[in-house]
Amino acid sequence: MEVIAFYIFALLAIVTSLLVVGQRNPMHSVMLLIASFGALAGLYVLLDAPFTAVTQIIIYAGAIMVLFLFVVMLLNLPREEPAPPAIAGRARPAGLKIAAVLSLLLAAELVWALSRIGLGWFAQDPAAASVSSVTRIGSRLFAQDGYAFAFEATSILILVAMIGAVVLARKEH
Amino acid sequence: MVPLNYYLILSGILFAIGTSGVFLRRNLITVMLSIEIMLNAVNLTFVAVGRYLGTVDGQIITFFVMTVAAAEAAVGLALVIALFRHRETLSPDAFTALKW
Amino acid sequence: MTDYAAIIPIVIVALSGTAAMLAEAFRQPGERMPIAGLGLIGLAGAALASVFLWDSDARSFGVIRSDNFALFINLILCVIGVLTMLFSNEVVEREQLPAGEYYALTLYGICGMMMMAAADDLLIIFLALEVLSLSVYVLTGLRRASEASAEAAFKYFLLGSFSSAFFLYGVAFAFAISGSTRLDQIGVALSAQGAGTPPTLALLAVGLLAVGFAFKVSAVPFHMWTPDAYEGAPTIVTAFMSTGVKAAAFAAFVRVFLSPLEPLQAQWVPILSAVAGVTMILGTVVGVAQTNIKRMLAYSSIAHAGYLLIGLISNSPTNGAGKAAVLFYLLTYAVTNLGALGIVALLGTLQNQHDELRDFAGLWKSRPVLAGLMTVFLLSLGGLPPTAGFIAKWYIFTAAVQEGHYWLAIIGVLTSVVSVFFYLRIVVMMYMTEGTETPRPRVPATAMAGLALATAAVFYLGVLPTRILDLALASIATIF
Amino acid sequence: MVTMLLLIPLLPFAGFLVNAFVGKRLSKSVSGGLACAVMLAAFGVSVLSVWTMLGAEPRALRVDLGMWLASGDLQVPFVLRLDPLSAVMILVVTGIGSLIHIYSVGYMHEEPDSEYARYFSYLNLFASFMLILVLGANFPVMFVGWEGVGLCSYLLIGFWFTKQSAADAGKKAFIVNRIGNLGFILGMLLIFVTFGSLDFQDVAARAAARAAEPAAFGMLSAEAVMTIATLLLFLGAAGKSAQIPLHVWLPDAMEGPTPVSALIHAATMVTAGVYLIGRNAVLFSHAPFTLAVVAAIGVATALMAGTIGLVQNDIKRVLAYSTVSQLGYMFLAMGVGAYAAGIFHLYTHAFFKALLFLGSGAVIHALAGEQDLRNMGGLKKHLPITYWTFLIGALAIAGVPLLSGFFSKDEILFRTFSSGHTFLWLIGVITSLLTATYMFRLVFLAFHGERRHDAHDGDHPEEEEPVRHIAHVMASPAPAHGAHGGHRHGLHDAPPSMAIPLIVLAIGSIVAGYVGVPHALGGANHIETFLEPSFEIEANREREFTAAGFSPISSIQATAPQHERAPTTETHAPAADERTELMLMGLSSGIAVAGIGIAAYFSLRRRDAADALAHRFHGLYRLLCNKYYVDELYEAVIVQPIKLLSTGGLWKGVDAGFIDGTVNGVGLTVRTGSGALRRLQTGSIRTYAASLFLGVVLILGYYLLRY
């Protein structure tokens, strides 16, 4: 049962991701990416991480992707424009080939490397190995020697992003 | 049961798909979406490894990655808008004034 | 209180950044506000705190460690920040950059850099990297009227995001090895495996982390963003990021690769050696043909990353010369490059960036002092005695020779000999070419003070380097 | 004592500071006077320090200014050291330097105030660096001076930068010197890793003590290491001292003001290479192969420059090639182990060559910038002081007996001969014939015969085709610096500020040689005994090493007798040697006279014979006029490929036409390379990302394949 679910979600994630990069319409890409995130959320559930799955849907799919969608609609760009003739004539086919080769190589390398590490089986005793507890996550996140500093550092990160977004995107005055 | 390296291989494949998007797409927004795919692939590794080691740290790191992704998306989209203002296009090939 | 001691410098800088931002928010339209002063106060405070923390080896939250190594980098960053602030006042106004945002982002950037240097945890390094990167991306694009600025910012942003995705993947594999992102635990896990073939996960982690760092220090082949970003950014930002980002990134690079990844030295030395060699050669060869000063200094910056990599490689547990040389080199490069680019920035106006080679024609006639100082900085970048650049390169190369990296030392000497040509082209322009009378703006007293400070540092480090070098040697003892 | 040594470089440096920063506001007499005053003061201090040194035992003064570079086992203090060798050098630098400063006051008088101050600030800075170079007690300190003098030389060559040729010449000098410096740094690093020290005295002692080690550095034996290190150092020396193949910059350096040519490119800086070898005499003595190379290069350079000097028509270029040639002699001396003889020649050469340059400067000054010998002639009557002093200089360099050049040159030739290098000796003798010939060709063309500089002729003879015009006259020479224009007919001899240095140097050129009268002539060869300690291991260090268990070393000969080098110490030459020496002396005196005779024949009596000869051996003549085409060779083999690689290949896309036009045989490799690499920095973000990914794929691939 779990194996079947894994394959379904994995296939879904791969196919939607491929479609994201294969789409000419950015709007469709965003939508497909949301689907891909959904598949990943499913995998998170399988990995005993329901809280992360929920966050994935709410924050990633719900907030970040909507931001993308918003910009796509703001700029009113339904379709990718054709390549400029100068580039379409000369550089593109070779560039595409190189790109494809490089990505395939990277994929091959990663798969080969990761398949060499030996099958790691997850612990079977759910009581001992449960990582689904929100309490555990919460107390670890805010513990002094846990992720408290990372949490605070994130606040600066968001502040910087906020200032940056405002100063870059606002109209000249 | 599904072993850990199935998840790791899946994440590797997703990561590679993300990288290919950078070359294939001639739209800056889609290129940014490819980066999101890559970050999600990494997230999958974190969660899977966390589950394998029996620690919640993997999930917690995921939250930080999401935050970073959000911050990057905000700045990146602001830059996209700024670029679009200068030149009414989002093709990466259009922005080659700085070179050599 | 002692629990929080280690983060005091970081907090002070973050607070001064926030103060700068608020000052802008409460500024009446048209009102002039000395925001740079706030930054100077904050940086001085951080420097002072760093001095007080010296030798304390304070730790906070288990992830920030203010050992002498981090404090040394903190001080370098404070020098970078202070010089930037001193140059900024006039330049920001002249180039019509949004002042509040500019200062806030610069200070937050420094905050991220300090965090990166002191982080004892890969996740914190990643977050700090993002803080400083995002600030610098935005700063690069701050000349909003200029298309080049936006283009540069976006290129930097996009490639930076890719590289941080790779870096993050490396963090994930490191996490998979040890179950933690703490550097000490990763180190324990790796050395527990002992000799023999390292596990695949460790190799993946090393490779991907190296990619992330190599991007930030602009090593070949991860350097492509550098010339474009440096050229498109406002010159003062170029000055800031070329020095600050390099210092912070190298700090973390050194800490990660020489402390937890030290057991894997046999695996990463060949890779980084190759990268260092190619970096020096490409940076120098391509730099020779540039006619834009900022671009030329970008290639110079690439070449300098190569020299710094030699310092990182040339280490053994018994010999800290390479690491100390890296610290010394970073300080030298900071004052020198900031001085050189600072002069370019101070001569620029909104209409004319004053960054083309021909803009410098006859500078000696119209601005003899600036031309003289520029010469000093350029000679130091070229590594001529008795300037700091010579000593810094000297230490790097002797460290390389001591550790048996002869080819790197030879390539280094060779490229630094060649690199003098392109620095010399600027000198030729300034002294040996009649200039058209380009109107050049006034240079304020604060900026002159900054330049004088940088020049003094260049000569001090060149003539009496021992004290600083001893400090550097003492401070690197903590990261093994 | 401490302050005294320190003052020697600091005094000129103070002069530099004042002239550089407030020079613009000073009048000429103040800035020039100040520059001369600091140099004279430095000379005074030098004399005083040398005097003190003579009383010390052992004869050396050291000033330790504390640690300069220190990390781990690398300890480099900033130490100045005065020993007999550096004593000779500082006396030459400050003494002749002072004279040239004084001369400059008159020579540069027509420059505007600010340029005047700039000139003297550079000159002072140069002197300061030069003194650091010779006083430095270890390699890095010496290197400070080494780089510094290169920089000043570059600034001074390009002083009249409005002339494109001057700016180009400056760049060329700098570039060639950088190549030499590369050798210097690498040699320095190699010495450091092998011997663990960079102090000249330490290195000498350790080199001698470890000479027999089979594996001093990796697999290399100590001798191999020392050979490589000394070859690298010699590369540095060749760059500074304009030896083959790095000699190309010196003739072009004549674009600078003439006093600069006299000071930097004749008397002081260019001899730094000779000094470097003398300073490391012990090290070089342990590397017989290097010594052979040094001698061969030296003699080849001497011959080559001498032949080129025969056909040059620019008065300063003749002198420049003569300098190159004489430096070749010095290297020959170094190469056969006759260090003292080489330094002796360096010292006498400083006098007469500075004199010749200053004399030529006086001529150029009088002729409003005219430098072409074909347009001179008959100046004897108009410039008596210049003529007579110049004649003394020429006699000295030609090796006419009882003038300074005679003693030093003869010493070198004798040492070469007596150490068994007959072939080298023969070339040396031929070169000495050439020297006399081209020098007196210069004297006769410039000062004797008809005055030719007023006639008019529409022709502009080119350098390559001077044959037909040799007796002709050039019409409108562009004044090198317009300031002197205008007074054609009222030729005036050197003003006092220029005449006094000329006279002093002329006296020097006569008497300077008497410190080294050889034993054969009943002299005591004082300079050799005086210099000897500098070429040996310091006395107290020797004890140190003996005590530490190393084999006792009494002198370099003790450890390297098998090389059969010319003995550098000899208290009394055997009688047979003295006879040989006397014979050789007679021979070279004859040769000097013969050379002058040849010059007189061709330049005064039968000028058409010279033309006929040039026609007859047209190919050879063209070869000499074009300086053996070395510049062209470099242009084709080195400069163009680098330009292509940087501008064409990596930097930006080039169209095939550009490459075809300039490549000229560089080969297909560069073109295909640049074709592949041109896309690198395309400006497209996707290329950049591709480069990044390529790096990732390569790194991960490397790991997967290896492990």
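Predicted model: local features only at pLDDT ≥ 70, side-chain atom pairs only at ≥ 80, totals over all residues.
Figure 1. Of the 480 residues that make up chain C, 72% count as buried. The secondary structure of this chain amounts to 19 helices and two strands. Because its radius of gyration of 21 Å is close to the 23 Å that the globule rule gives for 480 residues, chain C is as compact as a globular protein of that length. The C-alpha trace of chain C spans about 70 × 50 × 40 Å along its principal axes, and among the contacts in chain C with a separation of 6 or more, 81% are accounted for by residues 24 or more positions apart.

**Figure 2. Confidence along chain C.** The pLDDT of chain C averages 89, and 98% of the residues score at least 70. Within this chain, confidence is highest in helix α5 of chain C, residues 122-140, at a mean of 95, whereas it is lowest in helix α14 of chain C, residues 363-366, where the mean is 80.

**Figure 3. The largest nonpolar core and the surroundings of Met116(C).** The largest nonpolar core holds 565 residues, of which Met116(C), Val131(C) and Ala354(D) touch the most other members. Helix α6 of chain C, residues 147-178, gives the most to this core, contributing 21 residues.

**Figure 4. The contact between chain B and chain A.** This contact takes 65 residues from chain B and 70 residues from chain A. On the side of chain B that touches chain A, the helices α1 (4-24), α2 (28-53) and α3 (57-86) of chain B each supply at least two residues, and α3(B) gives the most, with 22 residues. Sorted by class, the side of chain B that touches chain A has 42 nonpolar residues, 17 polar residues and six charged residues.

**Figure 5. The contact between chain A and chain D, with the domains of chain A.** Here the contact takes nine residues from chain A and nine residues from chain D. The residues on the side of chain A that touches chain D divide into seven nonpolar, one polar and one charged. The domain assignment of chain A gives domain 1, covering 1-78, and domain 2, covering 133-173, and the C-alpha centres of domain 1 of chain A and domain 2 of chain A lie 23 Å apart.

**Figure 6. Gly361(D) and its setting in chain D.** The secondary structure of chain D comes to 29 helices and two strands, and buried residues make up 58% of the 707 residues in this chain. Of the contacts in chain D with a separation of 6 or more, 78% are accounted for by residues 24 or more positions apart. Gly361(D) lies in helix α15 of chain D, which covers residues 339-366. Gly361(D) counts as buried because it has 27 C-beta neighbours inside 10 Å, the cut-off for a buried residue being 20 or more. Leaving aside residues up to four places away in sequence, Gly361(D) touches Tyr107(D), Thr258(D) and Pro259(D).

Notes: Residues numbered from 1 in each chain as written. Chains lettered and ligands numbered in written order. pLDDT = per-residue confidence, 0-100. Helix = DSSP H or I, 4+ residues; strand = E, 2+ residues; numbered from the N terminus. Contact = placed C-beta atoms within 7 Å. Nonpolar A, V, L, I, M, F, W, Y, C, P; charged D, E, K, R; others polar. Core = buried A, V, L, I, M, F, W, Y, C linked by C-beta atoms within 7 Å. Buried ≥ 20, exposed ≤ 12 C-beta atoms within 10 Å, placed from the backbone. Domains from an automatic or database assignment. Rg over C-alpha atoms; globule rule 2.2 N^0.38 Å.
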